[in-house]
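Please examine the sequence and the three-dimensional model shown here. The report that follows treats strand pairing, the nonpolar core and the domain layout.

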Amino acid sequence: MTKENASSDFRYNTGDTKVPWAAVGENYNAADAFEFVKFLMRGKGAAYNAALRDVKSALAKLGSLSTPPGKLSMGDKVAEVEKAIDCYLGVDEGSSLFVSNCTAALELGYRYAGVGPGDEVIVPTNTFIATVAYPLSVGAKLVFADVDPKTVNIDPKDIARKITKKTKIIVPVHIGGYPCDMDAIMRLAKKHDIVVMEDAAHGFGGEYKGRKLGTIGHFGCFSMHEVKNCTSFGEGGVFVSNVPEYRAEARRARFLGVDFSSKIKNWLYNVSLIKGKGKVRYQASNNASVTEIQAVALLQQLKRYGKILVERRREATYMTKRLSGVPGILPQALGSKDIVPTFHLYQLQIDPKVVGGDVQTLKAKLEGKGVTNIPHFGPIYRFAASVGKGFDEKKIAKTCPVTEYVFDKCYTHLPIYGLTKAQLDYMADAILASVAEMKAGK
Ligand SMILES: Cc1ncc(COP(=O)(O)O)c(C=O)c1O
């Protein structure tokens, strides 16, 4: 084995052998590539079928001239996209780790903080279950902080009230890509030596006071799932570490703690514990590896991500313009120089006292008019999974009165991307008409 190969993954890099290790067990061929094209670019009709035939013969020709990739998982493309993300986020090289999904990224941060049974974790009430899945599964105590009524993001004032000596980590979630009040959260975390992990699943590319979301806390986690603003072929996530000494550790943790830089006797690698905060040492138990194909997909999406964000902002701005100035309607806030949302979701609020009915009535009316709307998210403490773990739904609800009020009565989220002007107008007209009906007591 050459020196250069010594520390690499042994399976793929056996040096100048006459009979090399077969790195990829089975590869893909021209017929497979054709199926991918058909899957990604659907259509029907004579012109489509003719174009498809051309592609098939071109791919067959290419197949006879090409060689397959030596690696399908965790190769150069993964390294390339991580570098591109570091650059996009404006963080040190090596900060970003491309992982299987945001849920896996979140686990890396929880593991760093050493979250275990009885430890307290401060989370918002209204988030996807992924935010809290790890602490819930290990028997940690979820401490729900109430939300800011306008943004429906976690309220730092309530975090301050709920911090105790047992608090290990605070997990703000930038709901819909609208930035949380990070200065206030970081001040609290610093004062009490608590880890902050931004759940920026919706926040890729958003900014808070000139810094990208996900790069302000100790850690940031992004989702590249198919419903997000950009995707790596349907699944994917990114873990960003602002803690330099955890970067290499997290990299090893991504693949079960396997350490290719050292070996045990008569074997090709070592497996070592991952060093977290202070005395925390843990055995990685997850394999969050990603494929080269996912990396290629994400690199492509990154190239046009600026345009995607501009389009989302354009549609959100139009909707907000259409809904502004109507008493009782609070359209999505558009931000400022310091607050740059990603517009992953479009938040619509009403003031029930002015409108004469709550958002449940409005939702039913919109559905009746053919407008999809989904409020993100149902309070976590209402789920059977939380109640089953011993959380007292009623007691928690009393400590989160704003969540109870705004979720049940005030807000929902509207579709916002890839819509035509006619669809945006239809949606705005439907909202205005529904609110007018409610005001008239209909
Ligand atoms: C707020 C939030 N956090 C985490 C996740 C988990 O993302 P992933 O599906 O990539 O694991 C999601 C996914 O929708 C989410 O909305």
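Leu330 stands opposite Gln349 in β16. Strand β14 and strand β16 (residues 346-350) pair in the antiparallel sense over two bridges, where pairing requires that DSSP finds at least two bridges between two strands. Strands and helices are DSSP runs numbered from the N terminus, with at least two residues (E) for a strand and at least four (H or I) for a helix. These strands belong to an open three-stranded sheet with antiparallel pairing and the order β14-β16-β17. Its edges are β14 (329-330) and β17 (411-414), each of which pairs on one side only.

The model is predicted: local features need pLDDT of at least 70, and side-chain atom pairs count only at pLDDT 80 or more, whereas totals for chains, interfaces and linings use all residues. Residue numbers start from 1 along each chain as its sequence is written.

| Partner of β8 | Sense | Bridges | Facing residues |
|---|---|---|---|
| β5 (residues 195-199) | parallel | three | Asp199 and Cys221 |
| β9 (residues 237-241) | antiparallel | five | Gly220 and Val240 |

Five of the five residues of β8 are buried, that is, 20 or more other C-beta atoms lie within 10 Å of their own, against 12 or fewer for exposed residues and intermediate counts for partly exposed ones, with C-beta atoms placed from the backbone. Phe219, Cys221 and Ser223 lie on one side of β8, and Gly220 and Phe222 on the other. In a regular strand the side chains alternate between the two faces of the sheet.

Cys221 is also among the residues that touch the most other members of the largest nonpolar core, together with Ile169, Val238 and Phe239; this core has 97 residues. Such a core is a set of buried Ala, Val, Leu, Ile, Met, Phe, Trp, Tyr and Cys residues joined through C-beta atoms within 7 Å. Beyond its neighbours within four places in sequence, Phe239 is in contact (C-beta atoms, placed from the backbone, within 7 Å) with Leu97, Val99, Ala105, Leu108, Phe219, Cys221 and Ala250.

The protein is divided into domain 1 (3-65), domain 2 (76-302) and domain 3 (306-439), with bounds from an automatic or database domain assignment. The centres of domain 1 and domain 2, taken over C-alpha atoms, are separated by 33 Å.

Gly210 lies in the loop between β6 (207-208) and β7 (211-212). Gly210 is exposed because 9 other C-beta atoms lie within 10 Å.

How values were computed. Contact = placed C-beta atoms within 7 Å.
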